[in-house]
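These are my notebook entries on one chain, written while I looked things up in the coordinates. I set out each term with its cut-offs where I first rely on it.

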Amino acid sequence: MFTKADIKELTNKYIMNTYGRFDLALVKGDGTILFDENGKSYIDFASGIAVNNLGYNNKAINSAIIEQLSKLIHVSNYFYTEPQALLAEKLCMNSFADKVFFCNSGAESVEGAIKLARIFANKFSKRGYKIITMQNSFHGRTFGALSATGQEKYHNGFEPLLDGFTYVKFNDLTEIEALVKNPEYCAVIVEPVQGEGGVNIADRDYLKKLRELTFKNNILLIFDEVQVGLGRTGKLFAYMNFDVEPDIMTLAKPLAGGLPIGAVLAKDEVARAFEPGNHASTFGGGPLVLSAANAFFDEITKGGFLDDVLKKGDYIGIKLNDLKNKFPKLIKEIRTIGLISAVEFYDLKAKDIAAKLIEKGFLTTAVQDRVLRLTPPLIIKKDEIDSLIGNAAEVLNNSVTK
Ligand SMILES: Cc1ncc(COP(=O)(O)O)c(C=O)c1O
């Protein structure tokens, strides 16, 4: 068996240097717990990056994969397959959408949404190709998704980006009101909750008015729910918290229980713009991944599952606000909806706090410089939340006394 030092050496020698990694090699997971190569356990408040919504070694997902494995792993989209048809029906029956396109990642789903918006404008709404997007947003690393991303730090060095994206302030309609009237624009893309941007939650009123404005001006509304869709906010889809339906929605991360997947959902009147040959994916919607996705979807839509997420979301919100009250000079703000939360510090570096929490046996993620994000598996237990809060208090206490 390779030691962590061996793994680190090989990784640093042969893997391109695109990730800052914590000093931890993980080998196994079960439920909400991950284990390193020495058998030390960690309670997971990260879920990959908001992927493992059902935790690790989930029986329903494992059985679905094992059963499908011996039947059919891959076949092209020139043929029909049952897992794809079944998941598409489930997604449509449980959302605003009538049609789905399957791909392999979040970025790809955003690419698909951009292409759909553009071809819809070309064929039907007769508007231009430009898209309004939000400052501080994150939509992925491929060129279309990167161009839609409203954070300069991700653009630097890769210019020129794709033409036609205008970045406006999130949660603020001032600039949008004029832009939507401009016939050069065909769509607005927004995360109802900005995940990578620091867990910034849209106001209900803002999204409602944005919907009215986009309807009125015949411009499409795209919700990127790659990070916050599929139970993360305590509702099946994040838009359900705001009573606002988009025209197009992107999904990915947790949808196939940890296997790579992406999906673009749309209403019929929009989806009809795609015809054979317009868009495609070799692997998208493959039977192995989609059988896992069917199992994942069935689990999170079981009676009571999402109610429980909501309850635990309320609980973590109370606990985090107690923590803020204990450390008012360190913690600037708590933002939380369902089981995605942010602890924003005044001065502390979120990465340093995440590293100290790893030493104590907890995995979290740092987004932005001073924001610690919690995205535990949705099966997290209350005593595990208590344990995190207790240990975070110790870490913060040490930061004060140092
Ligand atoms: C809202 C959102 N969209 C798109 C992406 C890109 O997803 P992927 O890394 O699967 O390409 C992410 C990833 O964090 C995301 O949070």
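**Helix packing.** I call a crossing left-handed if the near helix is turned anticlockwise from the far one by less than a right angle, and right-handed if clockwise. Helices (H or I, at least four residues) and strands (E, at least two) are DSSP runs, numbered from the N terminus. This is a predicted model, in which local features need pLDDT of at least 70 and side-chain atom pairs count only at pLDDT 80 or more, while totals for chains, interfaces and linings use all residues. Residues are numbered from 1 along each chain as its sequence is written, and side-chain values use heavy atoms, with hydrogens and water left out.

I looked up the pair α4 and α11, whose crossing is left-handed. Helix α4 (residues 82-93) packs on helix α11 (residues 287-300) at an angle of about 35°, and their axes are 8 Å apart; axes are lines fitted to C-alpha atoms, for helices over the stretch in contact, and angles run from 0 to 180 degrees between N-to-C directions. On the α4 side the contact (heavy atoms within 4.5 Å) involves P83, Q84, L86, L87, K90 and L91, and on the α11 side P287, L290, S291, A293, N294, F297 and D298.

**Salt bridges.** I count a salt bridge when a side-chain nitrogen of Lys or Arg is within 4 Å of a carboxyl oxygen of Asp or Glu, and the structure holds 20 of them. One of them joins the side chains of K90 and D298, at 3.1 Å from N to O. Because K90 lies in helix α4 and D298 in helix α11, the pair ties together parts that are 208 residues apart in sequence. I noted D298 as partly exposed at a relative accessible area of 35%, where buried means under 20%, exposed over 50% and partly exposed in between (1.4 Å probe, protein chains only).

I next checked E184 and K130, whose closest N and O atoms are 2.9 Å apart in a salt bridge. E184 lies in the loop between α8 (174-179) and β7 (185-190) and K130 in strand β5 (residues 130-134), so this pair ties together parts that are 54 residues apart in sequence. E184 counts as partly exposed, at 37% relative accessibility.

Which residues are linked with R335 in a network of salt bridges? I found K332, E333 and E344 linked with R335 there. Between R335 and E333 the closest N and O atoms are 2.6 Å apart; R335 counts as buried at 12% relative accessibility, whereas E333 is partly exposed at 39%. E344 sits in strand β14 (residues 340-345) and is buried at 18% relative accessibility. Leaving aside neighbours within four places in sequence, E344 has contacts that include L330, I331, R370 and V371.

**Backbone.** Most residues other than glycine have a negative phi, and most peptide bonds are trans. P160 is placed in the loop between α7 (152-155) and β6 (165-168). I also recorded two positive phi values: N136 has phi near 75° and lies in the loop between β5 and α6 (143-148), while N218 has phi near 60° and lies in the loop between α9 (204-216) and β10 (220-224). Both are partly exposed, N136 at 28% and N218 at 45%.
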